[in-house]
Amino acid sequence: MATFLGTETYSIDDKNRVVVPANMRRVGGSKTPLTKFVLMRGLDGCVWLYAEEDWKRLEDLLQRLSTGPREHRAFARTALVGAGKVAVDGQGRITITPSLMGHADLGKDAVLHGQVGRIEIWSPQRFQSALVTDSADYDALAEKVLGGQ
């Protein structure tokens, strides 16, 4: 499983292409960079970018969803709007589909944020809004989420 760390801001060109930082393409100290990813609708108004080999786990989860419950069908349908496999070009860029550009409210810039098993792609404004910036709030959230660990 690939591990992605770091936060970088890059420009999006007029063809909806954005650079995936070299350090995020060379996971685990590998000399061979990742060249294929899967894009999909993320939560909180961002786009999720998975290494192709890691996408399989999420794909399996989606395939295990029952087609009976309306919520399962609606989630799978919505999650996959604009999803697709993308290849990294010679300049280290991927192309974001128009529907995912709209979902994440992406314009001229994007924040690429390593979120351990995936990269999140955010508009700079939404990314700042999604962060817990107050130290006391962060400490309280950490205590709630991490508990006694």
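This is a predicted model: local features need pLDDT of at least 70, side-chain atom pairs count only at pLDDT 80 or more; totals for chains, interfaces and linings use all residues.
**Stop 1: the largest nonpolar core.** Select Phe-4, Phe-37, Leu-49, Ile-94 and Ile-121. These residues have the most contacts inside the largest nonpolar core, which has 25 residues. Now colour strand 3 (36-41), strand 4 (47-51), helix 4 (98-103), strand 7 (109-114) and strand 8. Each of these elements gives two or more residues to this core. Strand 4 provides the largest share, three residues. As a rule, nonpolar side chains in soluble globular proteins tend to be buried together.

**Stop 2: Leu-49.** Centre the view on Leu-49. Which residues does Leu-49 contact, leaving aside neighbours within four places in sequence? Show Val-20, Phe-37, Val-38, Leu-39, Val-86, Ile-94, Arg-118, Ile-119 and Ile-121; Leu-49 is in contact with each of them.

**Stop 3: the largest pocket.** The largest pocket holds about 410 Å³ of space. It is lined by 18 residues, and those closest to its centre are Gln-115, Ala-130, Leu-131, Val-132 and Leu-141. Next, pick out strand 8 (119-122), helix 5 (124-130) and helix 6 (135-146). Each supplies at least two residues of the lining. Which element gives the most to the lining? Helix 6 does, with five residues.

Finally, colour the lining by residue class. It divides into 13 nonpolar residues, two polar and three charged.

Definitions and conventions
Residues are numbered from 1 along each chain as its sequence is written. Side-chain values use heavy atoms; hydrogens and water are left out. On a 1 Å grid over the protein atoms alone, a cavity is a set of points where a 1.4 Å probe fits but cannot get out, and a pocket is an open set with protein on both sides within 12 Å along at least five of seven lines; lining residues have an atom within 4 Å of a point. Grid points are joined across faces, edges and corners, and a volume is the space filled by probe spheres set on the points. Helices (H or I, at least four residues) and strands (E, at least two) are DSSP runs, numbered from the N terminus. Ala, Val, Leu, Ile, Met, Phe, Trp, Tyr, Cys and Pro count as nonpolar, Asp, Glu, Lys and Arg as charged, and the others, Gly among them, as polar. A nonpolar core is a set of buried Ala, Val, Leu, Ile, Met, Phe, Trp, Tyr and Cys residues joined through side-chain atoms within 4.5 Å. Buried means under 20% relative accessible area, exposed over 50%, partly exposed in between (1.4 Å probe, protein chains only). Contact means heavy atoms within 4.5 Å.
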